[in-house]
Amino acid sequence: MSTIIDVSSVSKSYGGVKANTDISLTVETGGITGLIGPNGSGKTTLFNSIVGYHPIDEGSIKFEGQEISKKLVPEIARLGLLRTFQQTRIYGEMNCVENMLISLPHRKLSLTDAFKKNTRADRDKAEQFLDFVGLYEKRFLQAGSLSFGQQKLLEFAMALMNEPTVLLLDEPTAGINPTLINGLIDRLKRANSEFGITLFIIEHNMRVIMNMADKIYCLAHGEMLAEGTPAEIQDDQRVIDAYLGAH
Amino acid sequence: MSKTLFYIILGIITVIAPFAFPAFQTQLATLWLMIIVAQSWDMTGGQMGYNSLGNIFFYGTGMYVAAVVTIGLVYPVGEYTGAAGGGIYTFTPDEYFLGMALSIPAAGIFCALCAFIIGYVTFGLRGPYFAIGTLGVAIAGGEMVSNWDWIGGGQGISMPSYPYNFDQFKTVIYFLYAILGIALFFFCRWLYQTRFGAAINAIRDDEGKAEAMGIHTMRYKLIAWAISAFFVGAAGAISAFQLIHFEPLETAYQTINLGIFMVVCVLLGGKGTLWGPVIGAVMFHVFKELTWNYFLGWQWVALGALIVVVVVFFQDGLMGYLKYKRPEWFGIAVDTKEAKV
Amino acid sequence: MDQILFNLGLLAEYPVVNLKIIIDGVMIGALFALAAYGLALVWGVMNVKNLAQGDFVIAGGYVAWWGAQQGMHPLLGVPAAFILMWGLGWVVYKLLITRVIERDLFTSLLATFGLAIMMAQIMNLMFGSDTQSINLGYETLYFADGLIDVPIAKLIGVCMAAGLAAGVITFMKYSRMGQAIRATAQDSRAARVMGIDTEKVYAFTFSLNSAICGAAGAIIVMVWVIQPFYGITYSVRAFVIVTAAGLGNLPGVITAGLGIGAAEQYGSHIFGIGYQQAIAVILLLLVLVWRLSQQRKNRQVLK
């Protein structure tokens, strides 16, 4: 396996608060990598640094060997590095199919293609993905009228529609009905194996991440606490302490 | 195909109107101008969510491009404006119509280029900064032109007058506007159904999300504004021929007249809809023409009050009201069943 | 072009002219800063971008001018304008601003733009479109062989502006209302929860802004000229200053105000008086571009 995202010695502070200190991690092509840590440990800050929402103080971030720590959000997104939001962001005024059609991979469209109408194939693909996440019945409803969990699924489907190389998911199971979580885990795994999308996931739910990830990094207080396979992380005393607030 | 029939009827009305009501030809021409500027404002303001207060810049620039091209084809521009109406500068009918045929597209293209250049800076701005920045561009444009003696400075510039009789001239102007307006309408109708149309809607609803999904936001914003500027610039060129003499601050870069009318038209009719700007322009223009003479010098105060009232109480416009009352007319499905999943 | 080079040469040849321009600019800039402070206040507290800011300034100027026409002492025009414009601000708030506070940004911008058109036109109908000023009849002081002239009227104007600013700042810092305003600016919901009547705070803030602008206008009419349609330029200047300084940054607003004043004086000295309006607007564009490039370094946009 080769490395696709390479974060080395990244530090980021807000005023006096050090959100990330000297973080290094790698995401392997084709795998599922997890990022865990207690609240306020700097997970989302690290995500935002990778996708370009703020400048980093030190260190470097490489995507497919290319330095991206100075690039802007749309430039990074166009490389095929996509993220979903913790607070789901969908187009509430449009219906689900329209949401999907907007998510067509515009980075792969030439300018003349952008001035064409959506084809039958695009619509079929949109409906397939909606079916994949279980929203087919609701496809003509306004996205804003869906429940929070459904919106989350829609955002996931939109991300798939975009054919990303790497998908960064910020807490995909938060706010989802517990009975649906198993189904979601299954879909995430299938997205990884069937569509070949590399996944990098922030997750609070231990059961979920232990079931999915090949490799897990654990942050605490903005520093890298531990890394390893799910089994190693599960047995790591430092991780257990961090989650129980022993610090 | 009742829709086709509807368009055909409208088309027939458009053709017949100037002959049926010859006394109102100028008003009808102005109505078309309002429709054009409103429709093209809506492309960025309504469909893309970038509320420009400076689109009038392209109108004024279009006027001046038309003047420079038409005059420059025959005489040196500096000498022509230097004479300020003195001296003998005549234009043959051929020169006049050649100037007209060249300068209207030239004005459009020049304004589109301006939009690219200005937009590259202003589209980094969001919300209020964009509105104020573009307003600044429009004011700066007017001030610069009024200090530029080569094109007549604050005195303005005179176009050649129409070589044949005046009634024919009014009809020609009417049809120039009408053709441009119809072209714009059908262009928009097509454009909003393309992927590009969906993308600019996405920029309006959540630009951050659109960026995060890799949509070429800057590119699309520039293209949308350039298209909008093209039509406003071309309309400005037609206005230049219509008005014959114009000056920079009150006519060409008329920030508080047409510059704000176009926004009010769109708000009245309904932002972000295809028909909204057209209906709004008709409503506004009819209202203005009917009431203007009764205000006895207080017209502009009344206009300011109208803007305030529309913005505060009727911002979604007619189409917005209908969308709220009759969502099914707009193809919005409403969930009647209990949500499950 | 030759004229511009000549003017530049003049600056190099007589360095003392630079001093004169800077003194003039700083005097005018102090008044710009007052209007900008009012704008920053309203923007920060109730998130309303008031495009009628400049028209409040001009209206205050007309109050003082009209008073002087009726035989009132010109210096009394400043408090008179302060009080009258306070009342006008309150009326405008109750009729209009209260309805746009919770709405999106463009609403307040466009509504106040409509208000600006109305105010300019009403003043035009009431006072005519000629430029007006008040001659205080004070002497002018000369320095450096007469190259620098400082009219005493301008000195008085600057002192009054400084006094007004000091008064407002003290008020904001120590009074109950001032504290309530600052609390509301930080978080209006929290302020409401803590029992602050935000509606009252908003009305007070807007009236205060209007009064500050009015007083600034009353000073301007003594040291410069006013005209019904000059308002938009003052609005633009206020926006330039606030954009350059940021909200809630009082020293920044003062510095930027004085700087903008000086820059404008330099501009009109070099390019000629006809460019005065253009320079104000171009400064706006330059400041926007500068802020944009700063934000780009932070991977952000200006919003």
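How many helices and strands are there in chain C? The structure is a predicted model, in which local features need pLDDT of at least 70 and side-chain atom pairs count only at pLDDT 80 or more, whereas totals for chains, interfaces and linings use all residues. Residues are numbered from 1 along each chain as its sequence is written, and chains are lettered from A and ligands numbered from 1 in the order in which they are written.

Chain C holds 12 helices and two strands, where helices (H or I, at least four residues) and strands (E, at least two) are DSSP runs numbered from the N terminus. Read from the N terminus, the elements of chain C follow the order α-α-α-α-α-β-β-α-α-α-α-α-α-α. The C-alpha trace of chain C extends over about 65 × 55 × 35 Å along its principal axes.

Chain A, by contrast in composition, comprises 10 helices and 10 strands. Its C-alpha trace spans about 55 × 40 × 35 Å along the principal axes, and the radius of gyration of chain A, 18 Å, agrees with the value near 18 Å for a compact globule of 247 residues. Buried residues make up 45% of the 247 in chain A.

Methods:
The radius of gyration is taken over C-alpha atoms; the globule rule is 2.2 Å times the number of residues to the power 0.38. A residue is buried if 20 or more other C-beta atoms lie within 10 Å of its own, exposed if 12 or fewer, and partly exposed in between; C-beta atoms are placed from the backbone.
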